[in-house]
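User: I'm new to this one. Can you walk me through it?

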Amino acid sequence: MNSTVWWSTCSLVVIATVIDVYCRRIPNWLVVPFLTAGVAFGTARNGVAGLEKSFGGIALAVVALGLFCSFRGIGMGDLKLCAAVGAWIGCAQLGVALVVMAIAGGLMAILGAAMAGALKESFDGAGDLIFGFRARGLRPHPTLTLDHPRTRKMPYAPAILIGTLFSFLT
């Protein structure tokens with residue numbers, strides 16, 4: 001493991017998590033330069049292979065989170081943060097991070113709903129999201145999006161942080 005990649009990536013996700021928890025957004029001024037630096041670092045260190053690794057990580061982030069983002073289930077900041085992390089760690093390591101992110105995000109959502117006394121409501125909404133595509137087609141849910149004012153929302157950067165840190169341990 002390269003210490004530059006470790007420290008850079010961990011610094012980014014910690015800063016993004018703090019900002020997301022307090023402001024509920026992940027700013028472009030943080031993630032876009034980091035994404036660019038990841039591509040530049042990978043290319044400078046490993047040439048074309050490093051460039052391919054960076055673009056593979058970015059592509060995996062876009063493919064894995066793009067649908068959720070298009071349905072307004074997560075914000076663009078979350079997608080860009082994952083893409084920036086992918087530019088530094090590559091496709092294989094980001095794959096591990098994404099699996100752990102999904103588990104951590106799900107557990108955080110269940111815990112948050114339980115603490116708010118809305119566990120049944122959350123499970124009903126999740127069921128409607130999963131099984132409602134047959135009735136509504138490939139369109140966003142009318143009320144379970146980031147844009148709807150009554151929808152419960154949570155910052156996702158903490159889950160991205162957990163997944164990213166875990167990916168360095170494997």
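User: What am I looking at?
Analyst: This is a predicted model, where local features need pLDDT of at least 70, side-chain atom pairs count only at pLDDT 80 or more, and totals for chains, interfaces and linings use all residues. Residues are numbered from 1 along each chain as its sequence is written, and side-chain values use heavy atoms, with hydrogens and water left out.

User: How many helices and strands are there?
Analyst: The protein chain has six helices and zero strands. Helices (H or I, at least four residues) and strands (E, at least two) are DSSP runs, numbered from the N terminus.

User: And Asn-2, where does that lie?
Analyst: Asn-2 lies in the segment before α1.

User: Is Asn-2 buried or exposed?
Analyst: Buried, because the relative accessible area of Asn-2 is 16%. Buried means under 20%, exposed over 50%, partly exposed in between (1.4 Å probe, protein chains only).

User: What is Asn-2 in contact with, leaving aside neighbours within four places in sequence?
Analyst: Phe-41 and Arg-45. Contact means heavy atoms within 4.5 Å. Also, a polar atom of the Asn-2 side chain lies 2.6 Å from the backbone nitrogen of Thr-4.

User: New topic. Which residues form a nonpolar patch on the surface?
Analyst: Val-14, Val-18, Val-21 and Tyr-22. Together they have about 400 Å² of accessible area (Shrake-Rupley method, 1.4 Å probe; for residues, only the protein chains shown count as cover).

User: Where is Val-14?
Analyst: Val-14 lies in helix α1, residues 3-23. Val-14 is partly exposed, at a relative accessible area of 40%.

Key
Patch = residues over 30% accessible without salt bridge, like charges linked within 9 Å, V, L, I, M, F, W, Y side chains within 5 Å. Salt bridge = Lys/Arg side-chain N within 4 Å of Asp/Glu carboxyl O. Polar contact = N/O pair within 3.5 Å; in protein donor to acceptor, adjacent residues only side chain to side chain.
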